Amino acid sequence: MPEEPDIELSFRGGRLVSALPIALFIAWAIFQSGILGIGDTTGLVAGMLTGLIAGLLFVRGDWKDYADVIFAGMTRRVAATAVVAWLWAGMFAETIQVGGFVDGLVWAATVLNVGPGLFPAVTFLLAALLATGIGTGYGTAIAFTSLVFPAGLLLGANPVLLFGAILSGAVFGDNLAPVSDTTIVSAVTQDADIGGVVASRVKYAVVAAALAIAAYLVAGFGIPGVWGGMPHIDVAGEVSASVSPWGLVHLLDIALVIVLAVRGRHIIEAVSWGLLLAAAFNVALGAANLVDVSAGSMLLFSAPQNGLTQAVEALPLVGAVVETVPAGQVGVGGSVYSGAAGFFPLIVLTLLLVAGAEIMRAGGGFDAIQELVIDRVATTVRRAETTMVVGTALVNATVTINTAAEIAIAPYIATLGKRFNINGYRRANILDANTSALGYIFPWGGGLLAGYGAMQGLVGGEATPWFTAEMLVNPASVFPYVFHGWFLVAVFLFAAWTGYGREYVSDRTSEEVSRV
Amino acid sequence: MSRLGKLLAGWTFRTATPTFEPGEVITAYVSERNGDGLTVRIGDSVIRVEDGEDAAVEDKIRLEVTSFDAANHVGTGDVVEVLGPDV
């Protein structure tokens with residue numbers, strides 16, 4: 001696709017005013033999520049739209065140029081790549097979840113009869129495995145808090161520690177999974193292939209994870225369960241009766257995606273194969289009555305009741321994905337639908353944020369900030385990398401939706417890193433580690449809020465009648481226990497200072513970006 | 001690069017001042033422009049290129065190292081090819 005010539009914009013008040021749309025967005029995000037505690041991505045879309053309109057008022061000359069720059073930003077390849085990756089990854093992740101994959105993991109933990117001391121460490125490992133497979137830390141936080149958290153409480157594990165372990169596992173997968181939204185953004189914005197980024201990331205993730213496992217073992221045996229008076233149930237007997245191990249077959253389609261990804265297949269191709277295999281497994285498992293899943297779990301047309309729809313419902317094959325419902329419940333559903341739809345607000349936000357970044361580029365705002373940072377702060381490669389780590393951490397610590405924060409900071413990481421010829425893999429790793437870690441630590445972090453929402457759903461839930469509002473973990477109390485997140489930041493500060501894992505562009509160049 | 005190679009690359013403590021041999025051809029981004037010349041920083045090592053009119057800051061270039069002083073981490077080089085900016 002031929003690039004259009006770059007338009008330059010001039011702003012009343014100087015080059016830094018071109019940062020207004022993004023600055024206003026960040027202020028909006030802090031106000032909405034940090035102060036008011038509302039983790040609503042569509043709310044952030046409204047913030048970015050407001051920012052783009054506010055910026056328009058300061059443009060010198062023709063406003064049409066400003067509009068053209070918005071279009072130029074939204075049609076950049078980085079935006080399209082992220083959109084495609086999210087849609088495919090979303091469908092795949094949701095299809096695995098309806099196929100009973102989480103149940104399979106719970107089954108594995110219970111048959112191994114894990115005790116309260118060991119439970120947080122094992123939960124961290126299983127959450128990390130799930131998150132690495134499905135690529136969504138938020139989904140992992142929700143699934144594990146709904147399913148594994150109550151099991152751990154019944155076993156007598158410390159609830160705050162257990163919630164921290166779940167969030168740590170989510171951080172691990174968000175950071176490492178090839179289909180994770182933050183992994184994709186980090187690779188695309190630093191012009192590196194996703195497979196290579198993931199492979200180069202292992203050296204940091206395993207160091208932090210090893211430290212985190214040790215910390216969960218020490219804390220698990222050292223800190224007693226808070227509610228000693230809770231009913232202790234034989235969880236092994238209780239849970240294994242209700243969950244099926246068969247969801248574990250989805251390890252095969254996760255493996256398929258990973259193998260295809262590492263072989264350099266395009267993300268659409270790799271995930272499509274995984275999705276087809278997962279769908280086939282779901283239909284087979286459902287038909288054999290091994291897991292409560294069917295074709296309708298993946299795609300379902302809920303049509304209003306009339307003669308025609310009832311005739312369609314009775315048809316073979318097509319009828320499997322059509323049901324007739326009362327007028328108020330009409331709609332389309334299933335994992336293919338909801339998996340993709342879950343990313344719609346984030347997709348729109350990304351398109352608008354990329355447009356905001358383009359305005360900042362066209363107006364010289366990026367140049368102004370970069371000159372300041374490069375001339376005054378990042379004068380050596382060690383200081384440049386430390387600036388990249390601390391800067392990414394700060395932005396992610398303040399903005400709830402970590403993917404949005406990552407997109408906003410990514411151009412700085414690219415420019416600062418290229419100035420010292422830091423390899424695209426290394427840049428992507430610095431960017432993503434802090435993005436993944438900080439989004440799950442603080443009480444306004446999106447991942448933490450996702451898990452907390454699931455925990456609120458446990459109160460008076462059908463499967464957990466014993467869980468009361470007093471048992472909810474205070475979101476502000478969990479931050480010291482998200483061990484993997486903290487260790488990941490520490491590993492990168494150490495790596496920036498000592499050169500651990502550092503690679504230059506001249507050592508090896510990253511491969512084509514659209515390869516997974 | 002092989003899969004295993006990708007996994008095992010970079011498990012080292014890399015110096016802030018890498019060294020290069022004269023005649024070595026490397027790929028790197030342009031760090032600064034000064035008049036007609038270019039400065040390419042690889043970590044804290046600096047390679048100066050006298051004639052690099054075609055290349056802009058952040059352009060990727062192939063350059064041949066013509067000299068390198070390992071004690072002071074500075075060298076000179078010539079542009080072999082301008083690969084241009086990342087898309």
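How many residues of chain A are in contact with chain B, and how many of chain B with chain A? In this model, 27 residues of chain A are in contact with 24 residues of chain B, where contact is defined as C-beta atoms, placed from the backbone, lying within 7 Å. Welcome to a predicted model, in which local features need pLDDT of at least 70, side-chain atom pairs count only at pLDDT 80 or more, and totals for chains, interfaces and linings use all residues. Residues are numbered from 1 along each chain as its sequence is written, while chains are lettered from A and ligands numbered from 1 in the order in which they are written.

**Where chain A touches chain B**

- Two or more residues each come from α10 (194-222), α19 (381-398) and α20 (402-419) of chain A; helices (H or I, at least four residues) and strands (E, at least two) are DSSP runs, numbered from the N terminus.
- The largest share on this side, 5 residues, belongs to α10(A).
- By class, this side of chain A holds 8 nonpolar, 10 polar and 9 charged residues. Here Ala, Val, Leu, Ile, Met, Phe, Trp, Tyr, Cys and Pro count as nonpolar, Asp, Glu, Lys and Arg as charged, and the others, Gly among them, as polar.

**Domains of chain A**

- Chain A is divided into domain 1 (79-293) and domain 2 (300-333), with bounds from an automatic or database domain assignment.
- The centres of these domains, taken over C-alpha atoms, are 34 Å apart.

**Two helices side by side**

- Helix α6 (residues 119-134) and helix α8 (residues 159-176) of chain A pack at an angle of about 30°, with their axes 7 Å apart. Axes are lines fitted to C-alpha atoms, for helices over the stretch in contact, and angles run from 0 to 180 degrees between N-to-C directions.
- α6(A) and α8(A) are therefore roughly parallel to each other, a term for angles under 35 degrees.
- Residues making this contact include A:F119 and A:F124 of α6(A), and A:L161 and A:F172 of α8(A).
- The contact residues divide into 15 nonpolar, 5 polar and 1 charged.

**Two residues with positive phi**

- A:L317 is not a glycine, yet has a positive phi of about 60°. Its place is the loop between α15 (307-313) and β4 (322-325) of chain A.
- A:L317 is exposed, with 7 other C-beta atoms within 10 Å; exposed means 12 or fewer, buried 20 or more, and partly exposed in between.
- A:N421, also not a glycine, has a positive phi of about 55° and sits in the loop between α20 and α21 (424-438) of chain A.
- A:N421 counts as buried, with 26 C-beta neighbours inside 10 Å.

Terms used:
Contact = placed C-beta atoms within 7 Å. Parallel < 35°, antiparallel > 145°, perpendicular 65-115°, else oblique.
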